Structure formats: C-alpha cells, structure tokens
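Please find below a short briefing on a structure for review. The sequence and coordinates come first, and the commentary comes after them.

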Amino acid sequence: MLTVNDFLFYLLAAVTFLSGAGVILARNPIHCAFMLVVSMIGIAGIFVTLDAYFIAAVQMIVYAGAVMVLFVMVLMLFDLKHELKAFSKGAISGVLKLLSTGVLLGMLLAYIGYTFSVDPSFKPVPADPQHAMETTKEISSLLFTRYVFGFEVIGVLLLVIAIGAVTLSRISGGTHADS
Amino acid sequence: MGQDAFEITINVLKMLVIFLGIVQAVPLLVWLERRGSAFIQNRLGPNRVGPLGLLQLLADAVKFLTKENFVPEKGEWFFYYGAPVMALIPASLAFASIPLSIPIAIEPFEMFGRTFGPYTFIMQGYDLGIGIVFVLGISSLGAYALLMAGWGSGSKYSLLGALRASAQVISYELALSLSLVGILMVYGTFYFTDIVQAQAGPLTFNFLGKSVVIPWLPNWGIFFQPLGALIFFSATFAETNRLPFDLPEAEGELVAGYHTEYGGFKFNLFFIGEYGHMLVASALMATFFFGGYHFPGLTPEGVSAFWSGVVSGANANNILTSLTFLLVLLAKIAFFLWVFIWVRWTLPRFRYDHLMDLGWKTMLPWALFNTVLTAVVMFISHQ
C-alpha cells in the first residue's frame, strides 16, 4: 500500500533525479543551473518527508537560496560559448572527466548497495512538527559538543576561502591587469 | 491534514482563503497606494470609477486580462512565463505559515445525522514547527523570479535589472537574517506560536537578578530588540524591492528593470508578488516585534467572556474570540503596510553604491553588534 509519505518520496525522488539528469544533459549553462536549483529544492522536500525540517530549511537557505543565486548571476554575466567548446575538447580533460565520473559512480553504487544491507523493517519515528524545535536543539548541541572540532575546522576553511578570494581579486593580472 | 472529511475540508478551505486573501489584498493596497500617494503629493488620485475610485482597480484588472499575450522574440518562453508564477510562490507560502490568531477549539456537534469533533483548528495555513527558518528559506527563493524574468525576456534592461535586484536581495538577506538572531536568543525558539505567546501580558524582564514588571507597557519584542527591529524593517524594504531601495526598476537608468518586457496580467502577477512580500514583511514585523495577535488589555479569557454575553454556545464563542484576535493582527499588518506606502512616497531613491555600502558596511555590522549585545545582556540578566 502506497502511503502519502511513500508517494511524496517517489515524486520528490523523480523530480530530483530528472532535474539532476537535466543538469548534465542540458546544453545551455543557465538551463543547467536552474535544473540544479530544482534538484536542490527536491532534496529539501525529501528532508521534509524525513521529518528533518531544520535541515530542509537550511538546504533551502544555503544551497537553493544563496549558492545557486550567485551561480545563476555569474553565469548570466558571462558568455560561456567559448568555454563550453574548450571544455568539451582535449584528451587529458576527457580522461579526467571519465576518471571523476567513474569514482563518483563507484561511490554511489557502493552507497546504494549499503542501503540494501540495512534492516528493511527499520523506520524512523515520525516527529511531531511542533517538536521540530527539540530536534534542532539536539543537532546544535551535537554540533557544539561532540563535533565541535569538525564544525570549527569548516569555519576556518571558509575563512581561508574568503581571504583567498580577496587576495586573488587584488592581484593585478587577468581581467584586472593594469595596462 | 486531519482525521475525517470535515477537518480536511476546513483545512483545505483555510489555505485557499489565505491565498485568496493575499491576492485580494493587492487591489486594495494598490488603491491605497495611489490614493495615499495622491494625498501625500497634494493631488486627488483615482476617484472617478465607483465610490472613492475603488472600482478603478477592477477596471484595471479587466484591462490586464484582455491584453495581448506575447513572448519577446529573443526571449525564452519557459522562463518568460515561469517568472511571474514564481514571483507569487514564496510570498504565499511564507504568509501561510504565520499564525494569524489563537487556535479555534470546536466542541463535538451534530450535522447530517452524524457527530463531528472535537477539533482544534490552528489559524494558519500549516504548522511546520520551524517558523522563522522556513520563512527565510522560502523567501530566499524570491530572487529566482527576478533572475528568470531578466533572462527570459532577452533584453539588456531586463537582465541588468535582474542582476541588480538579485544582488540587492542576497546582500540584504544577510542583515535580515542576522537581525532576527537577537529575537531567537531572547525567546529561545523559532516557533512562531511560542514567540507570540511569550509577548502576552505586561512588560516583564530580569534586571540585576530581580524580576521587573512594568504594567503600563506590553511585553512586546520591540522593547527587547529595538535595534533588531530597525534593521529588520529596513532590510525588508530592500527585500521587497521598494523605495528607497527600488534600484532594480530605476526608470531613469533601466526603463522598468526586470519587468520591462512584461505586459498584461503577467505584469500584474509581479505586482501581486511584490505586495505579497510586503504583507509577509508586515506580518513578520507584527509577529516578532509587536506582539503578534496580542494587544494590551485583551486576554483570550476576557474576550471570551465578552462574547459569551452576546452569543450563546461554546463554538460560536470560540470562533468570535479567535476572529477578534485576527482583527488585532490585521490592524497591525495594515499599519505596517501603510508605513511601506508612506516611506515610498517620502524618501528618494538611493544610489547603487550607497545601497551596497548601507547593506554591507552599516546594517551587517550593526546586526552583528546587536547579536553580541543581546548575548551579553542576556548573560548578565540571567546571572
């Protein structure tokens, strides 16, 4: 029997999968970026069906809301026809592309195999929406106690990226070269 | 959604009413905007069609609907048609998650020879339990409507307007989100109902280890977070792309920005989206900083006692009590909507670099300062 949750899962999984396929199949970079947005929203929807409301909202704010808006903006500013051609040619880049897709495919297949090894009768207890606050408190207390090291390291990583980006944009050369 | 057909029907109807409420508020707001601007500029405004010109907007809607439907030659039809629809989605989803009044408890009753109930209907579209975070997540999708319109129109002005608009929206989203952190810390929750409940009654706070009660002031968030309220309200002006932050549609520079190529009802949908964002911003302002549906002197018990003298029956009493608090919230929303209109016709537009400086170099640091200040004050007062 298909319950509402199952139906939602299959619907969202189909949306996520199809738009994900669209990201790599579409020719126009803008179309690819919008497909990626749809798949991000689909993933947020899947988090909702898993009662992970906070993660779903953060997925929307960070990925669908901030990261992808910047992607789309930057893509709109550049005319990417030449880069498209340059990226599609060349033996070295071809080998690299095959290699990276192969590694990714292997990881995905291993993970799908792993999900079959989990006890199929295991079902998470559905959380009451009004208790979403408590699960969020759990997440935050874990982040600030048990996983505080990883959490802080990611903060340092982001700081390094920010400083690196500022430094790169200050170096004269490239499009900012003084003529 | 509910246990039986009656509860599901009511819940579905409730969502429809909220959505239609947003859409129907727009003609009234446009009328208010035009008459209000006329009042501010010492003119008359639309006053010919119907009483006080109220039917002018109906005539406008008919005109919008009968206009020719077209796609620009260099545009992309999917983005061109999708953008106005996308403009409506974030505002209506966000508004439906804000609690509008106290829940209505319905006692068991007889209808069609069956007994229904008891039920409790919440006065909001749905209750996801994550309140603020959900609204921020949904409204961050608003930038896509602008980007889709800019790209789909295939016009330089549209594209430049869309880029400006989305840069502005994501810049001010930071200050907007950070200004709410103080509220999160004060109330210790992001659940709307709890935030509103915490603002009932007279002003109560801890000061140097003593509990202080000021009976002549309401327990509203504005007294705990004045700086947060100021930053939040200013940032919502930028988020809704209204003056003094309406750079995306600066007529002198960009014709009409991202909706240059739009006409007819598709243009009207952008309008509805903008006013929908204003509604959400006003409702959030009322919910976070002005007590939501609470008003000094009105308690659920008191209002219920008043209505029990007018109508008999517990169900009618509960419904009327809830509607009273709904009216309180609507009055607050109406006040903030008027402030939006008032500001639009009072202040001139910023220059673009001033706008970015204000967002990144003024509002963001002050929002961070507000967060730190709130933390320090709370640490001291909870000693």
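This is a predicted model: local features need pLDDT of at least 70, side-chain atom pairs count only at pLDDT 80 or more; totals for chains, interfaces and linings use all residues.

Residues are numbered from 1 along each chain as its sequence is written, while chains are lettered from A and ligands numbered from 1 in the order in which they are written.

**Chain A**

- The secondary structure of chain A consists of seven helices and zero strands, where helices (H or I, at least four residues) and strands (E, at least two) are DSSP runs numbered from the N terminus.
- Read from the N terminus, the elements follow the order α-α-α-α-α-α-α.
- Chain A has 179 residues, of which 16% count as buried; a residue is buried if 20 or more other C-beta atoms, placed from the backbone, lie within 10 Å of its own C-beta.
- Of the contacts in chain A between residues at least 6 apart in sequence, 54% join residues at least 24 apart; two residues are in contact if their C-beta atoms, placed from the backbone, lie within 7 Å.

**Contact between chains A and B**

- Chain A gives 20 residues to the contact and chain B gives 23 residues.
- On the chain A side, helix 2 (29-49), helix 3 (53-77) and helix 6 (132-144) each supply at least two residues.
- Helix 3 of chain A provides the largest share of that side, 13 residues.
- The chain A side comprises 17 nonpolar, three polar and no charged residues; Ala, Val, Leu, Ile, Met, Phe, Trp, Tyr, Cys and Pro count as nonpolar, Asp, Glu, Lys and Arg as charged, and the others, Gly among them, as polar.

**Helix 8 of chain B**

- Helix 8 (residues 226-239) of chain B has 14 residues and should span 20 Å at 1.5 Å a residue, which agrees with the 20 Å between its end C-alpha atoms; the expected span is 1.5 Å times one less than the number of residues.
- Because 11 of its 14 residues are buried, helix 8 of chain B is largely enclosed by the rest of the structure.
- Its buried residues include F232(B), F233(B) and E239(B).
- Helix 4 (131-139), helix 6 (156-187) and helix 10 (264-289) of chain B are among the elements that cover these buried residues.
- N241(B), with a positive phi near 55°, follows helix 8 of chain B.

**V133(B)**

- V133(B) lies in helix 4 of chain B and counts as buried because it has 23 C-beta neighbours inside 10 Å.
- Leaving aside neighbours within four places in sequence, V133(B) is in contact with F54(A), A57(A) and F190(B).
- V133(B) and F190(B) are 57 residues apart in sequence and 7.2 Å apart in space, C-alpha to C-alpha.

Definitions and conventions: A residue is buried if 20 or more other C-beta atoms lie within 10 Å of its own, exposed if 12 or fewer, and partly exposed in between; C-beta atoms are placed from the backbone.
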